[in-house]
Each structure stands twice: as structure tokens, then as C-alpha cells.
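Me: I have a structure open and want to learn to read it. Can we go through it feature by feature?

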Amino acid sequence: MADNAIAGDDELLKNIKTLLWGSTVKEDVFKRWAQGFYFSIDEPTALVQREGGPCAVIAAVQAFILKQLLLESDVITWKAIKAEKCDQLLVKAMTEIITQAADIQDPKYSVVHAGDSNGFVSGKDDTDSKSTESTVNPAQDISEGNQFNETQAAKQASLESEVFHSQLRIFTTSSIDDVEDFFTERIGMLKDQYGILLLLYTVMCTKGVSEICFEMSDPTEPMIDSTYGYGSQSLINLMLTGRAVSHVWDHDQDISGLKLRGIDKQNTVGFLTLLEHLRYCEVGTFLKSPSHPIWVLGSDTHLTVLFSTEKRLVSPETPSEQARRIFKRFDPEGNNFIAANLLQDVLAELGLVADAEYVDIMRKKLDGENLGIILLASFMDEFFPEEPCMCPDMFVLYHYNGLQRSNPENRVKYHKGQAVLLECTVKCIMDSNPMLTVLQTKWPRIEIQWDIVRNPSLN
């Protein structure tokens, strides 16, 4: 029986390896992902990303660390938070991400860890784990203001992907408390060379291969780009929402008979992307307006995190916001109009009067020229006249970028910005200011002044 279980685990891990990397694992890409979770010496709760690639995991974990931090702490105490507390925030963030990926009806959690040979840490955070962790100390290297030492990087990469995968084991439990205890007792494993990959494999094992393939648009496409090492949108969504869907709009959309899966409910943390300004995608309300004022920001190559202590930025969805979202479900092409014969369906979905006689009267009123379409603007003017905006005109935003080289003086810190929403309705897009451009996909009238000389980098 035990042999069958081990064989089943091996098959699961093999399938996940293929989903992530494709038929072959490129060693240079794998080495970029081979890092642990560790915090900046300049910002106790900010994770450091060593090289380009694993931001899909690091930014997601950082977002959930910040969610916990905003609930528990005041801004003035952030710099004074002790290492032990940071570790607790890390474990909390991880368990929340894993919980999202589990089956709601019958939750089972599959924690992927590594064997105890060849330098892997699998046991509790005892003497052995401490000695393994001390062989490479990224934080020490950072404190000296140096780039990550190439010799140390080579030493960390001495165990190649095949050895790593051969050492993987799965611990399964139906209790999320067991997962939290497992990570807490083995915090050294998470900070060691493969911490990021172990979390990623845990999330994917907990989700299950069949579920991931069902949600992805194209399961044959590796979730980690084999050339640049970036995580796909499916991987980003899995880490942020627990669903490996390939799109960021609200709900599933039917495009010419093809079902394209999107985000199914308001998410805990949000997502904004520069690609929306470029018209490559549409971010829906569920990600633009999360339940906490935290957003992962996407450029074309990297992920960073934006957050605020201003809770009014994420006030509950207003009736007019709900109406726009529902209307767009019946307008999958994004034309800002629907076929007139869909009016009854939209009204019924919104819980408004939808009997045939009333709908016929409203259809004639909203489609006075008998064109067979109803414009979004006309629909909103009729049923949802302008509501007062609940969002404050001035607020503070913070930005995090985990890459050392993307921060002034290579110091990973939160950067503070004073934001103001202008009265004018015409927004000024400047390609030279990608940060402002991505913020305008959420707040079209925003202007912001940062506490550093330059705009924080999205890359």
C-alpha cells in the first residue's frame, strides 16, 4: 500500500514538473527559481528576489504578508518588527495561498518537501537545518551592498533540477493547522535554496493536476517560460486566487463558442497590469477592487506590489459597479453595448423588474432608433444615475519591488507615494511613466508624488 502511495506521489510530481517546465527543464531558468524566502535588512517584512523569474511566487507571498501586516500592525512599527514575527507572517501568507488552492468541499493539503540528503532540509528547524542554512547567507551579502556573489550562486545551484526532483516527498493532511505547524517547525527549509519551488509545488499538488489543466486555456504551454523564466498568467492567478485560469476578467466568457475562464469572485488581493493599457487584456472588478487595499502590479516582465492603509479604497461594490460588471458579462467583446434582446436577462440578473411588458417599454426607450442594441451609457443613465464616489480624493500608496537592482542603492524598501485624484476627466498617458500608467487603469484621474527622486520601477 505504501509503495502504491509513493508511486502515486511520484506520478503527481512528474506531471506537475511537466506542467511547470515543459518536457525539459532548462538549467539556467531552474537556477533562477532556486532561491529561498528571505527578508530585506532595510525593510524587515519585505522579501528579496535574487534574479528575474520567480516574481509570480514572491510577489504573491509578499501581497499576503502585507495583508496580514495591515491587519495586525501600524505603519510606525513596520521597521521594528522582529525576525521571528516576520517568519510568522511568511508562514501565514503561505498557508492562506495553499488554502485557496484546496477543494472547498473536501480540503486536502499536499505539502511538498525534500529528502534529508545532499544538503536538503526536511526535518525540524534544529541544528542540522541551521547548519545547512548557514552555508549560504544571502542577507549577509546584501548587507554589504554587493550583488549576490557568483561563487555562492554556483554553490547554491550545485544540485541540479534532476537531483532536486528526485528528492521530493509529499506530506498529506486534511488540516490546514498541520500545514502551518509543518512550515513553522521547518522554517529553515523555506529559507533555504529551494523554498520558493517547494511552496509552488505544494500549491500545485494541493490544487491537483486535473483541476489545473481544466482551468488553463492551454495546458500544453509550460507555466514557466523556458526562455526568460517568467510565470504565466495562469501561474500568477493560481498563486493570487487559487484558480489557474488564464484570464483576468470577471467570470467566464464565451467567445465564438469558446469558453474562456476568468476570475469567479472578488479576490482577497488585487491585480493591475500595464498590459491593460496596451489593450492586451481586461482586468475585471474582482481583481481591480479586492477586499484588501493590496494589488500585485504587472509590467511586461516583472511583478511588484502596491498597497495602502486606506480601507476606503476597497469599499464594497456599489450597485452601479455591480451593474457595469453584469452588463459586461453580456458584452464579451467589450463593445459597451448589448443586443436589445438581452435586456431582460441583464435586468433579471440584477434583480430588477424583468417582466415582458416592462422590458418591452424600456427596450423601445433605450433603443429609440431601433438599431437592435442598447448602449452601456444609456443603460446606466436610466437605471443607475451617478452615485457619489466613496473613494477619498487624497490617500497614501506604498510600492514594493523585490529586485535589489530595481531599488535606489540596491536596498529593498517600501516606497511611499502621496496620491491625489484630479477633478478633470481626461487622463494624460505618458509611456515614459509606466507606474502612473498602470495606476490609471484603476484610478483614471490619479497623480502621485513619490518619496524618492524617481518613480518606483515596475521592472
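Me: How do strands E7 and E10 pair, parallel or antiparallel?

Reply: Strands of a sheet pair through backbone hydrogen bonds, either parallel or antiparallel. Here strand E7 (residues 303-307) and strand E10 (residues 394-400) are antiparallel, over three bridges. Two strands count as paired if DSSP finds at least two bridges between them. Helices (H or I, at least four residues) and strands (E, at least two) are DSSP runs, numbered from the N terminus. Phenylalanine 307 stands opposite tyrosine 398 in E10.

This is a predicted model: local features need pLDDT of at least 70, side-chain atom pairs count only at pLDDT 80 or more, and totals for chains, interfaces and linings use all residues. Residues are numbered from 1 along each chain as its sequence is written, and side-chain values use heavy atoms, leaving out hydrogens and water.

Me: In what order do the six strands of the open sheet run?

Reply: The order is E5-E6-E7-E10-E11-E12, with mixed pairing. Strand E5 (270-273) and strand E12 (446-450) stand at the edges; each has a single partner strand, so one side of each lacks a neighbour in the sheet.

Me: Which residues touch the most other members of the largest nonpolar core?

Reply: In soluble globular proteins, nonpolar side chains tend to be buried together. A nonpolar core is a set of buried Ala, Val, Leu, Ile, Met, Phe, Trp, Tyr and Cys residues joined through side-chain atoms within 4.5 Å. Buried means under 20% relative accessible area, exposed over 50%, partly exposed in between (1.4 Å probe, protein chains only). The largest core has 91 residues, and Leu20, Trp21, Trp33, Val61, Phe183 and Tyr201 touch the most other members. Helix H3 (residues 55-72) gives the most to this core, with 13 residues. A second, separate core of 22 residues includes Leu274 and Trp450.

Me: How do I read a salt bridge, and which side chain meets arginine 411?

Reply: Side chains of opposite charge can pair when their charged atoms come close. The rule asks for a side-chain nitrogen of Lys or Arg within 4 Å of a carboxyl oxygen of Asp or Glu. It gives 22 salt bridges. Arginine 411 meets aspartate 42 at 2.7 Å, N to O. The two sit 369 residues apart: arginine 411 in the loop between E10 and strand E11 (415-421), aspartate 42 in the loop between helix H2 (27-33) and H3.

Me: Are these two partners buried or exposed?

Reply: Arginine 411 is partly exposed, at 35% relative accessibility. Aspartate 42 is buried, at 18%.
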